[in-house]
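Please keep the sequence and the 3D view open while reading.

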Amino acid sequence: MNLTELGRQAREAARYVESLGITEKNRCLEQTAQALLEGEAQILAANKEDMERAQKKGMSQGLLDRLALTPARIRDMADGILEVAALPDPVGEVISMKPRPNGLLIGQKRVPLGVVGIICEARPNVTADAFGLCFKAGNAVILKGGSDALSSNMAIVECLQRGLEAAGAVKMAVQLITDTSRETAREFMRLNGYVDVLIPRGGAGLIRTVVENSTVPVIETGTGNCHIYVDETADFKMALDIIENAKTQRIGVCNACESLVVHRSIAQAFLPALKLRLQDQQEEGKRVEIRADQEACAIVPEFVPATEEDWGCEYLDYKLSLKLADSLDEAIRHINRYNTGHSESIITQDYAHAQEFLNRTDAAAVYVNASTRFTDGGQFGFGAEIGISTQKLHARGPMGLQALTTTKYIIYGNGQIRS
């Protein structure tokens with residue numbers, strides 16, 4: 001099937017989904033969640049094929065983690081769809097209604113975007129999350145994954161479509177582009193008239209390619225060079241617990257900590273404790289390589305000297321950059337220079353420092369005394385998420401249901417004409 005025909009079917013499906021009420025949409029979501037559980041063996045077999053190909057290609061550990069599916073992750077995918085089903089429906093919400101002096105009532109009503117295109121890399125869980133959110137918000141979705149996850153994505157979409165059919169709905173509300181070539185990707189990016197918005201989910205290269213080549217409007221989901229700043233008043237145990245969680249709980253995710261800034265006054269005491277926690281106490285293969293500035297390396301010789309490239313790097317690996325700073329101001333300036341606008345955190349017991357960090361740090365999510373790993377639609381109470389937007393127009397941060405809608409003005413009159 002060519003992309004124009006696929007887009008036409010998606011447009012027809014979008015009109016159908018938009019017509020559904022909340023009860024009908026939720027029934028469809030419940031059926032697709034059940035279909036994922038029933039298709040577990042099919043999905044795992046397909047994922048095994050993808051994993052074997054990826055391992056032969058030498059895919060990094062972080063990307064393999066993103067690609068891998070397990071029975072628990074499939075249950076999480078199904079649960080994510082059920083969580084979305086349980087959320088309030090944003091479609092039809094009247095945001096405001098104000099009278100004008102001439103008697104007109106002018107309001108805004110929340111409506112679906114229409115057809116949402118998703119381009120992602122080796123992240124098969126995105127397929128289910130994207131469908132659930134797009135469908136609940138009244139949209140159809142066209143997905144294009146990379147070749148690394150093709151078998152997994154095909155199996156997941158087949159299950160979702162079976163669930164839609166079981167609910168008596170149009171299965172073309174979710175479609176997958178199975179041609180993974182760059183030429184097809186570029187054609188997809190130019191499918192104006194059929195696709196209303198395009199959302200890239202993946203690394204910096206993919207996002208840059210979509211932003212630079214798409215003629216369809218793009219919501220940019222950014223990479224995650226996330227920082228944690230350890231202030232001079234920080235509780236060391238809290239700081240070490242948060243850093244370990246943010247760096248090592250899952251290394252292949254965009255909200256993992258990639259960069260650390262430490263106040264110079266505590267470096268002599270804190271850095272050896274950091275080495276003990278992230279290196280000495282970690283099992284083989286999970287020890288974090290710390291790439292540090294010259295002064296930090298003098299304190300802990302086992303650290304690796306950092307280069308300029310390290311300050312802005314999203315490693316997606318057991319690696320962490322480390323910079324010492326003389327003040328909160330210097331730390332914030334360093335973070336704002338090298339961050340990707342995703343998630344930043346300060347560990348401090350000083351209220352004024354916490355407030356200054358919150359006010360001055362330029363990112364979609366800014367934390368005080370908490371792990372950056374919480375930047376997630378589920379953790380924020382949105383159900384699943386379509387991505388983490390690091391841009392400032394339309395949506396910013398974890399994108400839940402409201403981010404997949406737009407508004408239109410609705411005007412009530414009683415015969416008014418303009419003079």
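Buried means under 20% relative accessible area, exposed means over 50%, and partly exposed lies in between, with a 1.4 Å probe and protein chains only. Buried residues make up 53% of the 419 residues in the protein. This is a predicted model: local features need pLDDT of at least 70, side-chain atom pairs count only at pLDDT 80 or more, and totals for chains, interfaces and linings use all residues. Residues are numbered from 1 along each chain as its sequence is written, and side-chain values use heavy atoms, leaving out hydrogens and water.

**Overall build**

The protein has 14 helices and 16 strands. Both are DSSP runs numbered from the N terminus: helices are H or I with at least four residues, strands are E with at least two. The radius of gyration is 23 Å, close to the 22 Å of the globule rule for 419 residues, so the protein is as compact as a globular protein of that length. That radius is taken over C-alpha atoms, and the rule is 2.2 Å times the number of residues to the power 0.38. Along the principal axes, the C-alpha atoms fill a box of roughly 75 × 60 × 35 Å.

A contact means heavy atoms within 4.5 Å. Among contacts between residues at least 6 apart in sequence, 74% join residues at least 24 apart.

The protein carries 45 positive and 54 negative charges, and their mean positions are 5 Å apart. Lys and Arg count as positive, Asp and Glu as negative; His and the chain ends are not counted. Each charge is placed at NZ of Lys, CZ of Arg, CG of Asp or CD of Glu.

**Nonpolar cores**

In soluble globular proteins, nonpolar side chains tend to be buried together. A nonpolar core here is a set of buried Ala, Val, Leu, Ile, Met, Phe, Trp, Tyr and Cys residues joined through side-chain atoms within 4.5 Å. The largest core has 69 residues; Leu36, Ile118, Phe131, Phe135, Phe188, Ile386 and Leu404 touch the most other members. Its largest share, seven residues, comes from helix H6 (residues 125-136). A second, separate core has 31 residues, including Ala239, Leu278, Ala296 and Phe303.

Which residues does Phe135 touch, not counting those up to four places away in sequence? They are Val17, Leu20, Lys25, Cys28, Leu29, Leu164 and Ala173.

Ala128 also lies in helix H6. It counts as buried because its relative accessibility is 0%. Not counting residues up to four places away in sequence, Ala128 touches Leu36, Met77, Ile81, Ile156 and Leu160.

**Distances along the chain and in space**

The table sets sequence separation beside C-alpha distance.

| Pair | Apart in sequence | C-alpha distance |
|---|---|---|
| Ala128 and Met77 | 51 residues | 6.2 Å |
| Pro88 and Leu401 | 313 residues | 9.1 Å |
| Lys48 and Gly146 | 98 residues | 16 Å |
| Glu295 and Ala35 | 260 residues | 56 Å |

Pro88 sits in the loop between helix H5 (71-86) and strand E1 (94-99). Its relative accessibility is 66%, so Pro88 counts as exposed. Beyond four places in sequence, Pro88 touches Lys136 and Leu401.

Lys48 lies in helix H3 (residues 40-57). At 52% relative accessibility, Lys48 counts as exposed.

Glu295 belongs to helix H12 (residues 294-299). With a relative accessible area of 35%, Glu295 is partly exposed. Not counting residues up to four places away in sequence, Glu295 touches Arg264 and Leu324.

Is His334 buried or exposed? His334 counts as buried because its relative accessibility is 12%. His334 lies in helix H13 (residues 328-338). Leaving out residues up to four places away in sequence, His334 touches His227, Val261, Trp311 and Lys323.

Leu316 has phi near 55 degrees, a positive value in a residue other than glycine. Its loop runs between strand E10 (304-305) and strand E11 (319-325). At 12% relative accessibility, Leu316 counts as buried.

Phi of Asn369 is likewise near 55 degrees, a positive value in a residue other than glycine. Asn369 lies in the loop between strand E13 (365-368) and strand E14 (388-389). At 28% relative accessibility, Asn369 counts as partly exposed.
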